[in-house]
Amino acid sequence: MYKYRLTIFIDILGFRDLINKTTKDENLTILIFNAVKSMITHNINYEVFGQVNKEIIKDEKELLEVEKIHKIVSDRMKNSSTVQITHFSDSIVLSSELDNEINTMSLIELLARLNYRLWKDYKILIRGGVTMGKLIHEENGPLFGPAMVTAYDIESKLSNFPRIIIDEPCSNYIKNTVSYKAMKKLFLNYRSNEDDKLKIENGLEINLATSFSHLLNSLYTANIEIRKQYFEVLGSSVEDLSKIKENVNDDKVKSKYDYIINKLQDLNIQRDV
């Protein structure tokens with residue numbers, strides 16, 4: 001019954017601490033509710049197969065028409081795909097059979113948009129693990145297999161910063177796709193430390209900084225209004241992260257913010273809008 005699938009496990013960084021704070025902050029409760037709701041299967045399905053940027057469509061009737069067409073296209077693509085999505089609490093598992101490179105790389109590219117959207121809308125960072133292997137995955141049904149265990153282990157044992165780690169077999173698959181050249185800015189090379197229990201020699205990493213880099217160099221951002229939005233969010237991100245870090249007492253947690261702040265500061269993107 002097992003099928004060989006791309007398997008992605010993602011969760012919200014520091015979710016337990018956020019939940020503890022919601023008992024004293026009603027606004028935070030609403031924010032967490034909206035953030036988690038935005039990650040449910042129905043909403044993620046439409047992001048997998050493209051997106052509608054509502055900010056650039058000013059006319060309400062035009063927006064409704066565009067969203068209607070987008071839903072039809074998304075439904076048709078989903079019906080012909082092997083993409084499966086399971087959402088629970090603060091986590092998402094996404095998987096796809098490896099017989100269709102477009103579906104597979106659409107899931108990988110989704111990670112950039114998910115990174116960006118959760119940060120832009122909710123100031124939430126994510127981490128995760130990605131692998132390829134044997135898995136049973138049915139929406140609203142069973143989800144188990146060696147690939148699920150590996151993806152979870154990568155997330156929990158290696159992705160100790162706001163980043164998504166892709167293991168070596170999956171990284172090799174990605175590098176050999178037609179899409180890799182156009183998506184290269186989404187990735188950093190990754191190698192686990194000597195003292196890590198889980199070893200990855202030649203993996204890849206995706207984080208918020210690489211997501212910005214990819215999105216700002218993709219064909220989708222040829223639209224000047226979309227580029228302006230990305231640059232606005234990017235321009236305030238280091239300051240926003242620094243403010244969040246100031247309210248953190250745990251040095252270990254602070255180091256997580258320092259990690260992504262440093263990655264964002266290393267970006268060298270030409271602003272041509």
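## Exercises on salt bridges and burial

Lys 3, Arg 5 and Glu 97 are linked in a network of salt bridges. The model is predicted, and it holds 10 salt bridges.

**Exercise 1.** Determine which parts of the chain the salt bridge between Glu 97 and Arg 5 ties together.

*Solution.* Step 1: the closest N and O atoms of Glu 97 and Arg 5 are 3.8 Å apart, and a salt bridge requires a distance within 4 Å. Step 2: Glu 97 belongs to strand 3 (residues 91–97) and Arg 5 to strand 1 (residues 3–12), so the pair joins parts that are 92 residues apart in sequence. Step 3: both Glu 97 and Arg 5 are buried.

**Exercise 2.** Decide whether Glu 205 is buried or exposed, and do likewise for its partner Arg 163.

*Solution.* Step 1: the side chains of Glu 205 and Arg 163 form a salt bridge, with 3.7 Å from N to O. Step 2: this pair connects strand 8 (residues 203–207), which contains Glu 205, with strand 6 (residues 163–166), which contains Arg 163; the two residues are 42 residues apart. Step 3: buried means under 20% relative accessible area. Glu 205 has 3%, so Glu 205 is buried; Arg 163 has 8%, so Arg 163 is buried.

**Exercise 3.** Explain how Lys 243 and Glu 239 are placed relative to each other in helix 10.

*Solution.* Step 1: a salt bridge joins Lys 243 and Glu 239, their closest N and O atoms being 3.3 Å apart. Step 2: the two residues are four residues apart in helix 10 (residues 224–246), and therefore about one helical turn separates them. Step 3: Lys 243 is partly exposed at 45% relative accessible area, and Glu 239 is partly exposed at 46%.

Key
Residues numbered from 1 in each chain as written. Predicted model: local features only at pLDDT ≥ 70, side-chain atom pairs only at ≥ 80, totals over all residues. Heavy atoms only, no water. Buried < 20%, exposed > 50% of the residue type's maximum accessible area, 1.4 Å probe, protein only.
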